[in-house]
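This briefing is intended for a reader who has the sequence and the coordinates at hand. Please consult both while reading the points below.

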Amino acid sequence: MSNTINAAMVRKMFLAGASNLNAKKEWINELNVFPVPDGDTGTNMTMTIMSAAKDVQALSEDVDMATLSKNIYSGAMRGARGNSGVILSQLLRGFTKGIRDYEELDAAIIADAFEKAVETAYKAVMKPKEGTILTVAKGASERATELSKEGADDLGVFFEEVVKYADEVLAKTPDMLPVLKQAGVVDSGGQGLVQVLKGALDIYQGKEIDYTVDAAAATPVAKKSVELSEEDIKFGYCTEFIVLLTKPLNVKQEMDFKAFLESIGDSIVMVADDEICKVHVHSNDPGLAIQRALMYGQLSNMKIDNMRMEHREKLFHELESGSYAEIDTEINGAAESTPTYNPGDDIPLKAGATAKAANEPEVPVEHKDMGFVAVCAGSGLADIFRGLGVDYVIEGGQTMNPSTEDILDAVAKVNADTVFVLPNNKNIILAANQAQIMLEDNNDPKKIVVIPTKTIPQGITAAINFIPDMSASDNEETMKEAIGTVKTGEVTYAVRDTMIDDVTIKQGDYMGIGDSGILGVGNDIDDVAVMMFDKIADSSTELISLYYGSDIKEEEAAALGKRIEEKFPKCDVEVQYGGQPIYYYIVSAE
Amino acid sequence: MSKVAIITDTNSGIMPEVGEKLGIIVIPTPFMIDGVEYLEGINLSQEDFFKKLAEGADVSTSQPSPGSTLELWDRVLEEYDELVYIPLSSGLSSSCQTATMLAADDYEGKVFVVNNQRISVTMRQSVLDAVEMRDKGLTAKEIKEQLEAVKFESSIYIMLDTLYYLKKGGRITPAAAALGTLLKLKPVLQIQGEKLDAFAKARTANQGKNIMINAMMNDIENRFGGFDARDVHLSGSYSYDLDKALEFKKEVEEAFPGYDMHMDPLSLVVSCHIGPGALAIACSRKIHL
């Protein structure tokens with residue numbers, strides 16, 4: 001029995017919590033109320049916490065509480081994606097605020113940190129709803145405070161009681177939110193939080209679990225854990241070092257440095273506190289990383305390994321039966337097919353000057369008062385947004401919610417004083433708001449204004465209503481007003497049986513989802529689309545737009561357009577290629 | 001008291017026969033349609049013009065020839081002591097520049113060319129203001145000065161039904177050209193003094209009309225110092241579609257109580273760049289003497 005925990009234990013518990021959430025993410029994804037194919041609460045929360053876990057993992061075990069706290073919250077804030085992810089990052093931010101000044105935590109400090117966590121998270125949400133992750137967090141916090149007041153000093157009992165109570169609150173979420181009850185699920189975000197707490201509890205209780213985090217989980221494309229073959233080694237030198245900072249890096253320097261490392265390699269881990277910055281990168285030219293790092297201070301603990309050579313040695317050992325020739329062919333063949341980077345060509349000392357250039361503006365664009373970043377999935381939609389003057393399109397939207405950091409990166413690429421961000425998805429608005437706050441906290445001269453567009457058509461309407469001659473604040477007002485005038489519907493398919501808004505939905509059914517619920521269910525895509533228009537179009541509707549997805553053929557879309565035209569003879573009907581995945585049609589009436 | 005003549009051209013929306021009643025002289029604007037020259041208001045009606053435009057005829061405008069302008073001045077000056085000439089905005093045509101040059105040579109003190117950046121209904125208002133000033137006994141020089149003193153105090157917004165003609169013609173700024181996108185849009189253009197430029201875009205006519213009404217309210221409030229109908233002229237214009245125009249007039253008058261909106265067909269020189277189905281709202285500062 002012990003009554004305090006130190007930073008090493010907090011580090012271990014955090015990593016175990018993250019690791020447990022990661023293990024349960026698919027299961028949590030399935031808890032989404034809407035049985036849509038892109039239900040991704042588990043993924044979003046996991047990617048958020050993994051962004052912090054990656055940084056925390058790189059810290060040594062004898063880390064102090066302040067450094068640990070900073071890494072937990074800054075990693076989570078940057079990696080935050082999706083609404084539950086953003087709320088989780090705020091919980092961690094509040095929690096670390098409560099612990100950072102102590103090296104030994106007792107029940108009272110932990111209870112206070114829980115309270116701070118809940119307070120911070122509630123503030124981050126404009127209209128906090130009960131029956132969600134917030135309620136579960138509040139329950140845990142209340143129980144912790146209660147136990148601490150009762151004089152709890154055995155942390156083992158304390159943690160167990162808190163987690164047990166959080167689980168109980170979670171079980172009650174369906175009673176608080178009718179949609180959960182009807183769908184027969186508990187809140188997915190709340191479940192995610194409980195899994196984090198359970199992971200932390202397990203390791204505290206000494207259960208044998210592997211709490212090393214899989215760094216891949218923090219990156220958008222989940223890497224398969226297949227055996228590494230040499231072809232996979234795109235960047236040959238594993239490079240690690242520590243920069244002894246001359247002065248602390250500000251957020252911009254940190255982001256620039258990271259962007260630079262991304263431009264010369266992959267597998268990047270970069271953790272900084274006020275004195276040191278730890279860097280890990282796989283690159284074909286480690287010299288560049290070192291040269292750049294020297295701008296920030298002296299280097300120590302430098303280690304560079306040639307991974308291709310190591311792999312070759314490993315092959316020799318593993319394939320004892322194989323001939324040298326075979327192995328050499330394998331290696332050489334692979335080497336030839338690997339585009340090698342010749343460091344002599346030109347040494348890019350500025351971020352983004354190399355690899356990723358394809359997606360970036362070729363010429364430095366003229367500075368403007370106002371610019372735009374929009375999030376969407378599908379090449380057609382991206383083209384539409386660009387055509388409307390959007391400077392940078394974050395492709396991903398529906399299936400992969402961009403993180404706060406992705407949004408900050410995109411905003412950094414727009415050369416304008418005010419950057420309007422169009423999230424175009426209700427699950428991305430919070431991450432965008434968080435980006436806005438982070439920029440503000442950093443006293444960045446650039447300003448983010450989030451236009452809370454919940455759907456693609458709302459985003460298109462906002463972009464159309466932008467008037468370059470008006471001030472940023474007038475435009476903000478106009479756009480916010482304009483997005484209320486467009487009604488949206490989306491057609492997709494159900495991934496499981498459920499019941500929403502008293503409508504029974506069978507797995508595989510096509511569903512039409514509107515701004516505030518189910519507009520139609522059926523087994524014919526076109527019929528469902530028409531059902532949606534019956535609900536969203538009325539006598540004042542002038543224009544109906546159909547954006548067809550990647551699974552719909554042009555002729556099919558044109559035929560549906562014709563059918564709608566016949567049904568609504570007074571309206572203009574416009575059919576456009578959207579190219580979005582998962583959603584066969586995104587439609588709007590205005 | 002000197003006898004002052006007022007001359008304008010059909011870009012003011014005032015046709016020669018109406019001009020006679022106002023006691024002014026109106027120069028018809030020449031149009032070349034498929035190689036044949038027509039004169040606006042003489043042998044080219046709105047009806048004919050849009051019919052030919054829809055048929056895809058090759059339409060271009062030109063300024064009245066300097067020769068004919070001089071001839072007219074000479075003839076007018078036989079009867080009058082001095083004259084005020086109010087041509088189309090210098091930002092949209094070179095008539096004003098040509099006339100200023102011609103006047104500087106031999107007509108100093110006699111011909112006063114007004115450069116006040118007006119077109120269509122705002123130009124019409126300038127002409128009416130000039131007539132009023134003439135009737136009150138102001139000299140040609142004074143009339144020119146009064147009109148030019150408020151030259152930037154006018155504003156026009158035009159919503160196009162289609163981008164087709166704007167793209168086809170040449171008289172648009174790059175900003176307006178950038179309006180061409182994948183989506184069907186109804187661009188709203190503006191004329192603030194000099195040029196026809198992009199202002200905003202809308203997807204539906206109702207959105208476009210709202211944008212224009214709001215922009216106009218904003219101008220009147222912030223640029224013209226308030227909503228008093230005694231200080232500001234409000235007018236409207238349209239190309240070809242009168243029914244749509246009358247509906248718009250009703251909507252504008254509801255949004256601006258106390259104003260009586262004058263509605264004219266848009267001058268053909270603008271229409272040939274923006275095509276049929278356009279609606280416009282305009283305002284200009286009233287001149288108080």
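The model is a predicted one. Chain B contains an open sheet of four strands, and 13 residues of chain B are in contact with 12 residues of chain A.

**The sheet of chain B**
- The four strands follow the order 2-1-6-7, and their pairing is parallel.
- Strand 2 (25-27) and strand 7 (111-113) of chain B each have a single partner strand, so one side of each lacks a neighbour in the sheet.
- From one strand to the next, the twist averages 20°.
- Strand 1 (residues 4-9) and strand 2 of chain B run parallel and are joined by three bridges.
- Within strand 2 of chain B, B:Ile27 is the residue opposite B:Asp9.

**Helices on the sheet**
- Helix 4 (residues 95-106) of chain B lies across strand 6 (82-86) and strand 7 of chain B, and runs at about 150° to strand 7.
- Helix 5 (residues 120-135) of chain B packs on the sheet and touches strand 1 and strand 6 of chain B.
- The direction of helix 5 of chain B makes about 175° with that of strand 1 of chain B.

**Contact with chain A**
- On the side of chain B that touches chain A, strand 10 (195-202) and helix 9 (205-222) of chain B each supply at least two residues.
- Strand 10 of chain B provides the largest share of that side, namely four residues.
- By residue class, the side of chain B that touches chain A comprises seven nonpolar, three polar and three charged residues.

Methods
Residues are numbered from 1 along each chain as its sequence is written. Chains are lettered from A and ligands numbered from 1 in the order in which they are written. This is a predicted model: local features need pLDDT of at least 70, side-chain atom pairs count only at pLDDT 80 or more; totals for chains, interfaces and linings use all residues. Two residues are in contact if their C-beta atoms, placed from the backbone, lie within 7 Å. Ala, Val, Leu, Ile, Met, Phe, Trp, Tyr, Cys and Pro count as nonpolar, Asp, Glu, Lys and Arg as charged, and the others, Gly among them, as polar. Two strands pair if DSSP finds at least two bridges between them. Axes are lines fitted to C-alpha atoms, for helices over the stretch in contact, and angles run from 0 to 180 degrees between N-to-C directions.
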